[in-house]
Amino acid sequence: MKVIKRDGRIVNYDGAKIVMAMKKANDEVSPHEQITTQKILDIERFISKSDRSRMQVEEIQDLIEHSLVQEQKYELAKKYIIYRYKHALVRKANTTDESILSLIRNDNKELAEENSNKNTLLASTQRDYIAGEVSRDLTKRVLLPEKIVEAHESGAIHFHDADYFLQPIFNCCLINIGDMLDHGTVINGKLIETPKSFRVACTVTTQIIASVASNQYGGQSVDMIHLGKYLRYSREKFRRKAMKELGDGFNEKQIEQIVTMWTKEELQAGVQTMQYQINTLMTTNGQSPFVTLFLHLDEDDPYREENALIIEEIFRQRYQGIKNEKGVYVTPAFPKLIYVLDENNCLKDGKYDYLTKLAAKCSAKRMYPDYISAKKMRENYEGNVFSCMGCRSFLSPWKDEDGNYKFEGRFNQGVVSLNLPQIALTADGNEEAFWELLAQRLQLCFEALMCRHRALLGVKSDTSPLHWQHGAIARLEKGETIDKLLTGGYSTLSLGYIGVYETTVLMRRCSHTKPEGTEFAYQLMRRLRAAVDRWKAETNIGFALYGTPAESLCYRFARIDQARFGSIKDVTDKGYYTNSYHVDVREPMNAFDKLKFESGFQNLSSGGAISLVEIPNMRNNIEALEAVIQFIYDNIQYAEFNTKSDYCQCCGFDGEILINDDFEWECPQCGNKDHSKMNVVRRTCGYLGENFWNVGKTKEIRSRVIHL
C-alpha cells in the first residue's frame, strides 16, 4: 500500500510509525484505559491489510481513532487526537525569531543569496526582510492551507514571495507609462501634469517607476516608445527659442545646428537622469527599482526617428557605465534593457542596423541588452510585439471592449513553481506513476495559485492609488475594488517549472536534446501547457506557463532532493537543476544549436520564455556576436548573453580573478576580496552555474554575484 502525504508525496506504507504513535498515546493514559500491545498490532494489521492500493495519511489516522472508539477506549482516543493535534501545531510553530536574529547578525545565508539586488547589511533592507519574515510566518501558519505549506517545505512546489503574501499586492506589471505621461497622474497626493519637454518626461518616468516599485513586489517594465514625442516637444521648443533669440543673426542652417546641439544636450541629460535616478533611488522594499526598459522601433510610430536617438543614447551611456564610489566606471544593475530586432535593424542592411551594432558592443562589455525577435514574437502572440514584465513573464494577448490589443497596464497576480525532477524521482522510472503524480502536483499548484487570486479579491483601489486610480494599471474610482481586473485574462497567474532536463534524464536516461528525450520533453511541456489552458477555461482567469531564470530556486529544489534521494548522477549530484526547458550548462552545444533547440519550447511556454548563451570575452570579436544576434532574429523569440570573463566592480579590472588554496577570491589589481563585488566565471575546476562552484567535488563556495 502507498500513503499519500499531506504535501502530495507518495511513500510506502510504514506500520511501525502507527505502532509508535499509538504506544505514545497509550503511555499517557491510566492503566485501565490502555490497550494491549497485541491490540495495537491488530489495529495496525487491520490497516495494512486494507484492499486499497493508496490511502491519504488523514484517512489512516481516522481509522485509528475509529478503532479505539470501537474498543471503548475513549480517553485513549482523545489522547491520540491530542497527539495528532500537537504534531499539527509543531508543523505550524512560529519560526521567525532565529531567522530575524540571524539576519541582524548577518549570518542568514539563505536571505543573503535570495536577492542579489538587496544588501542585507543595510538598515532599510533589514527592515523589509524583518517584515517579510513576519509575513512568511503568518502565511505558513495561518493564511495558506496546510497541504500547500507542506508541499512548499518539501520542495514539491515553490510558493513564490510568501514574504509579501500578507499584503494585498501583486507581482509584476507593464506600467501604462504612455497614459500617465499623456494624461497626467498623481504621486503621493500631488498632481503631475503632462510634461512639456523630454528631460521632464524622463524625471516623471523615474518618479513613477520608484513609486510603482514601492507598492508591488515584482519588477516593472516601461516601453520607451512613449518618450519620443517629448523629445520632439523639446526640439520644437528649442527651435522657437532659437528663432526668437537668434533669428536675425543666423541663417537657417546655423539655427538648425544650434537646435540640434541643444536637443542632443537635452537627450543626454534626460537619459542620464533616468539612469542615475533608477540606480540611486531606494524603494520601500530596500532596493533599487527592478525595472526593464523596452526599446522598440515601430514602423508605424510617428516619432520613430526621435526614438532611434533615445535608444542610441541609452546604449552609449550603458556602454560607458556608471562610476562607483572609487570613480571607476562599472555596469549598473538597473535598468535592464530589452532591444527588439525587427526588419529595419536585424543586420540585413536595415536603416537602423547601426543601433544593433551598438547594442552588440554593449552586450560584449556590459552584457545587456537582451534581445527579442519581433519576427518570432509575432508568430507566437497573434502578430503583437510587446515587453515582458520586469520578472520576464509575458502576458497573453487580450483585447479591450473596442477590439484593440492591450498589454500596458496589465499585471501578474503571482507565481507558483513546480519541481519536475522530484516527481520523476518519486515515480522511480515508472512512467504511469509519473503522469499520475504530475497531475496531483499540478492540482496542488492550481490550488496554491488560487490562494494568490483570492488574496487579491475585494482589494480596494485605495490600497495603491498610483496603480489603480492614477493610471499605472487602471483609473478606477476611489473605493472601487480591483476585481474586474483579476478575471477574463486581463491579468495572469503563472505556473513556473524547473528541471525539464533532469526529469528527462530520470525518465528516459538521456538528455532532452536526444531524439528519445526530446519526444518526452515535448510531451511533458504539452501536459503543463494543457493544464494552464484548462484552468483558464474553467475559471475565466488568465493562467500562463512561465519559464524563467530562477537561479536560487534551482539550487533550493536540488538541495532538498539531494538530502531526500541522495546523490544521483546528472540530477542531484550537480547541486542545481536547470531552468525550465534550458539545456544543461555542462552539455557541449554551440550557441546556434542551443538557441535553435530551445526555441521549440518557447511557444509552449508563452507565459515566459528566455534562452541564455554563454560567450567568452567578445570585445575583440564583435562580428561573431553580431552573427549570433542575427541568428536570434531568425530563430528564437527571446535570448540574452552571459559574458564569460572575470570582472571586479571596485576597480574595473577585466581579467582573471585570483582564487587561492582556501578558495578565497582576490582582485590582482586592487586587492578586493568581497565576492559581492566580483563576477567570476568558468574554471577547469568545474563551474556549475552563475553563483555556484564545486571544486574537486569536495568544497563549494556560494556567493552573491553582481551579474555584469
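In this predicted model, helix α19 (residues 500–508) packs against α20 at an angle of about 120 degrees, with the two axes 10 Å apart. The two helices are therefore oblique to each other, and their crossing is right-handed. Helix α20 (residues 515–539) also packs on a sheet, where it touches β14, β15 and β16, and that sheet is an open one of four strands with mixed pairing.

**Helix α19 against helix α20**

- On the α19 side, the residues that meet α20 are Val 500, Thr 503, Thr 504, Met 507 and Arg 508.
- On the α20 side, the residues that meet α19 are Glu 516, Gly 517, Glu 519, Phe 520, Ala 521, Gln 523, Leu 524 and Met 525.
- Angles of 65 to 115 degrees count as roughly perpendicular and those over 145 as roughly antiparallel, so the angle of about 120 degrees between α19 and α20 puts this pair in the oblique class.

**The open sheet and its helix**

- The strands of the sheet follow the order β4-β14-β15-β16, and their pairing is mixed.
- At the edges of this sheet stand β4 (157–159) and β16 (542–546), each of which pairs on one side only.
- Averaged over the sheet, and with direction ignored, neighbouring strands are turned by 25 degrees against each other.
- Helix α20 packs on this sheet through contacts with β14, β15 (492–498) and β16, and the direction of α20 makes about 165 degrees with that of β16.

- Strand β9 (residues 291–295) is mostly covered, with five of its five residues buried.
- Strand β8 (residues 220–223) runs parallel to β9 and is joined to it by four bridges, and Gln 220 has Val 291 of β9 as its bridge partner.
- Strand β12 (residues 336–341) likewise runs parallel to β9 and is joined to it by four bridges, with Thr 292 standing opposite Lys 336 in β12.

**Helix α22 against helix α23**

- Helix α22 (residues 591–602) and helix α23 (residues 622–635) pack at an angle of about 15 degrees, and their axes lie 10 Å apart.
- Because angles under 35 degrees count as roughly parallel, α22 and α23 are described as roughly parallel to each other, and α22 passes α23 in a right-handed crossing.
- Phe 592, Leu 595, Lys 596 and Ser 599 of α22 meet Ala 627, Val 628, Phe 631, Ile 632 and Asn 635 of α23.
- Asn 635, which lies in helix α23, has a relative accessibility of 12% and therefore counts as buried.
- Although Asn 635 and Ser 599 are 36 residues apart in sequence, the distance between them in space is 6.9 Å, C-alpha to C-alpha.
- When neighbours within four places in sequence are left aside, Asn 635 is in contact with Lys 376, Lys 596 and Ser 599.

**Backbone features in loops**

- Most residues other than glycine have a negative phi, and most peptide bonds are trans.
- A cis peptide bond joins Tyr 368 and Pro 369, with omega of about 15 degrees, and Pro 369 is placed in the loop between α14 (353–366) and β13 (370–373).
- Asp 349, in the loop between β12 and α14, has a positive phi of about 60 degrees although it is not a glycine, and at 80% relative accessibility this residue counts as exposed.
- Glu 382, in the loop between α15 (374–380) and β14, is not a glycine either and has a positive phi of about 55 degrees, and its relative accessibility of 52% means that Glu 382 counts as exposed.

**Cysteines**

- A search of the whole structure finds zero disulfides.
- Cys 202 counts as buried at 0% relative accessibility, and Cys 346 counts as buried at 4%.

Technical notes. Residues numbered from 1 in each chain as written. Predicted model: local features only at pLDDT ≥ 70, side-chain atom pairs only at ≥ 80, totals over all residues. Heavy atoms only, no water. Pairing = 2+ DSSP bridges. Axes fitted to C-alpha atoms, helices over the stretch in contact; angles between N-to-C directions. Contact = heavy atoms within 4.5 Å. Buried < 20%, exposed > 50% of the residue type's maximum accessible area, 1.4 Å probe, protein only. Disulfide = S-S within 2.5 Å. Left-handed = near helix turned anticlockwise from the far one by under 90°.
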